[in-house]
Amino acid sequence: MMTDPTAAPADIAAPADIAANADIAANALDAEAPAASPAPAATELAVTEPPRDCPLCPRLAAFRAEQRLAHPDWHNAPVPVFGDGDAWLAIVGLSPGLKGGNRTGRTFDAEKGGGTLYGTLLAFRLAHDHVDIGTADDLVLDGVVTIDAVRCVPPNNQPTKDELLTCRPFLAAPLAALPELRVVVALGEDAHRSAVKALGGKLPKAPYAAMADHRFPSGVWLIDCAPLATDGVGIDAAVLEAVIARALVLRSMAEGRTDGRADGDPAE
Ligand code: SF4
């Protein structure tokens, strides 16, 4: 259902601060960033990672091999979960960009809208960069993980339905390995479909709609958001601010509510 994302707790950052901080980080991080080493993942998440040479999607494995030859200094492997092993919030994208996560090894790096996302997390104090906001290597997420529904870069930024299905265990496993998980945000309809399935829901009962939210039998909530970029244009910071504000509200509900509604039904 459509929800009022402004009904947020009082301890989040003021909108003006959010916008200013998000703009700064977006400008810094949307630019082509230097290659980064993926942050060390918590042990529970690390064991859910696909192998570097995962062969399960032949088309993507072949494309990955091409990129290793062409760019031996790039990551060119499944992009790992990035963030906090105690995360209450997981943000699910579609797949790494060729010169984004595939190059740096970190989700959403140097991709349209990626800087806006991380900037919004910084503004909500769900991330911090303890040295330099423009140095992607220093970003640390607090209570949040980011992950792609398809871990390997696809040609033309578009995975197939089969690839989404094949990689789904590598979405479901890390979500299941987060004991504090309360809210998942899906960036776009394909990410939504994978997230619903990974969370054990039923797609007909949880249709995609921007700013819709759905609750699952585990008590975890899913919020639908637009993709990080549409037709080459990055997502508006105001959209992400509304989504994160809504996520904070749902987290509070998940930790205190006993209304019994479940099974992936939309939150009508
Ligand atoms: S997309 Fe996922 S399942 Fe497919 S090859 Fe990469 S890691 Fe393996």
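I began with contacts in the protein chain. Of those between residues at least 6 apart in sequence, 75% join residues at least 24 apart. Two residues are in contact if their C-beta atoms, placed from the backbone, lie within 7 Å.

I noted the ground rules. Residues are numbered from 1 along each chain as its sequence is written. The model is predicted: local features need pLDDT of at least 70, side-chain atom pairs count only at pLDDT 80 or more, and totals for chains, interfaces and linings use all residues.

I then looked up burial. Buried residues make up 49% of the 268 residues in the protein chain (buried: 20 or more other C-beta atoms within 10 Å of the residue's own, C-beta atoms being placed from the backbone).

Next, the ligand. I found 14 residues around it, with P50, C54, C57, C152 and C167 the closest (C-beta atom, placed from the backbone, within 6 Å). Helix 3 (58–70) and helix 6 (161–167) each give two or more residues to this shell. Helix 6 has the largest share, three residues.

Last, a helix pair. Helix 5 (residues 114–123) and helix 9 (residues 237–256) pack at about 45°, axes 10 Å apart (axes are lines fitted to C-alpha atoms over the stretch in contact; angles run from 0 to 180 degrees between N-to-C directions). On the helix 5 side, T116, L117, G119 and T120 make the contact; on the helix 9 side, A237, L240, E241 and I244 do. Helices are DSSP runs (H or I, at least four residues), numbered from the N terminus.

Notes
Buried ≥ 20, exposed ≤ 12 C-beta atoms within 10 Å, placed from the backbone.
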